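Colleague: I have the file open and a few things to ask. Can we go through it bit by bit?

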Amino acid sequence: MTLARVDRRSRRSPASPGAPGLDDRKGISALRRRQSRRNLLTALAFVAPLIAYLAAFYVYPLYRNLDLSLRDYTVRSFVAGDAPFSGLDNFRTVLDNPSFGPAMRHTMVFTLVSIVFQYAAGLALAVFFNRHFRLAPTLRALFLIPWLLPLIVSASTWSWMLNSESGVVNYALHLVGVTPVDWLTSPNWALTSVIIANIWIGIPFNLVILYSGLQNIPGELYEAASLDGASAWQQFRRITFPLLRPVSAITLLLGLVYTLKVFDLIWIMTKGGPGDASSTLATWSYQLGFGTLLPKFGPGAAVGNILILIALVFGLLYIRVQRRQEA
């Protein structure tokens, strides 16, 4: 028997009595590939509705908004779809507009003041309810009412309360001898009025998120601090606030993104007025695109993209800070 024939027989025979042959190994590999392919198709079937939803309601609107901001759209070209490409001209038009400065300034003031007071009030209430007294669940549920109400109802209620002639706020001021204030019609008070209403609406969200974060802090830490003689303020400063930092970061980020795009509250209460005293980038974008007989779709979309860019910058900053804290 030649050496070549022995080698061929050894390839056809298993290396040991219990070892699978070459055909068996190929069958197992093919079975694994089919199983892996089946798992992949199953996963794609579950993910497909989400992908379709994101594509229809997020990706496509973003694409259309970007396309609007880069073309010179009129009413006719908007219907016909043949608007000429204009590049960054719409952005230049927006930045050179005298209304851009006040709108940007009001947006920053409205956003920063709102999230600071919402967070401070939400944190104070979360710490208060964390004591687990008898009426805590009931009071917590009552504080959720501003968050559960439709925004149009909340805005309309605040418009009635702050009405210069028949509002309950001015009536209360009159009872204590304070001169009534033109909350919604005075350039000095219009922005303050919408900020107060937005703070009231946003407090429950901060309360819920921060309260859930407090539930994850071990109670043993407070017991040990009490045994060491730490006061309530020292416990808050040394234990509560540092351990709430990750939850606080996501709360502030979500509040920032939400407050940047607030439109309906301001529009219902003041319509951005009087003049442009309470206009923000969100209301100005709407006014440019839909508030006149000759809408400016391109500049309106450009303002919307500026808002998206601002939110994106803060989101990336948050991700960077989180990575540094985890490193």
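Colleague: What does Arg 92 form a salt bridge with?
Modeller: With Asp 89; the closest N and O atoms are 2.6 Å apart. This is a predicted model, so read that as a computed value.

Colleague: And how far apart are Arg 92 and Asp 89 in helix 4?
Modeller: They are 3 residues apart in helix 4 (residues 89-96), which means about one helical turn separates them.

Colleague: Which residues are linked in a network of salt bridges?
Modeller: Arg 64, Asp 67 and Arg 71. Asp 67 meets Arg 64 at 3.3 Å, N to O, and forms a salt bridge with Arg 71 at 2.8 Å between the closest N and O atoms.

Colleague: Where is Arg 71 placed?
Modeller: Arg 71 is in the loop between helix 2 (22-69) and helix 3 (75-80). Arg 64 and Asp 67 are both in helix 2, 3 residues apart, so about one helical turn lies between them.

Colleague: Is Asp 67 buried or exposed?
Modeller: Buried, because its relative accessibility is 12% and the cut-off for buried is under 20%. Its two partners are partly exposed: Arg 64 has a relative accessible area of 23%, and Arg 71 has 26%.

Colleague: Changing topic. At what angle do the axes of helix 8 and helix 10 cross?
Modeller: Roughly 135 degrees, and the axes come within 10 Å. Helix 8 covers residues 151-161 and helix 10 covers residues 190-215. At that angle the two helices are therefore oblique to each other, and the crossing is right-handed.

Colleague: Last one. Which residues make the nonpolar surface patch?
Modeller: Leu 309, Leu 312, Val 313, Phe 314, Leu 316, Leu 317 and Ile 319, with an area of about 630 Å². Of these, Leu 317 is found in helix 16 (residues 297-326). Leu 317 counts as partly exposed, because its relative accessibility is 46%.

Technical notes
Residues numbered from 1 in each chain as written. Predicted model: local features only at pLDDT ≥ 70, side-chain atom pairs only at ≥ 80, totals over all residues. Heavy atoms only, no water. Patch = residues over 30% accessible without salt bridge, like charges linked within 9 Å, V, L, I, M, F, W, Y side chains within 5 Å. Areas by Shrake-Rupley, 256 points an atom, 1.4 Å probe, with all protein chains shown as cover. Salt bridge = Lys/Arg side-chain N within 4 Å of Asp/Glu carboxyl O. Helix = DSSP H or I, 4+ residues; strand = E, 2+ residues; numbered from the N terminus. Buried < 20%, exposed > 50% of the residue type's maximum accessible area, 1.4 Å probe, protein only. Axes fitted to C-alpha atoms, helices over the stretch in contact; angles between N-to-C directions. Parallel < 35°, antiparallel > 145°, perpendicular 65-115°, else oblique. Left-handed = near helix turned anticlockwise from the far one by under 90°.
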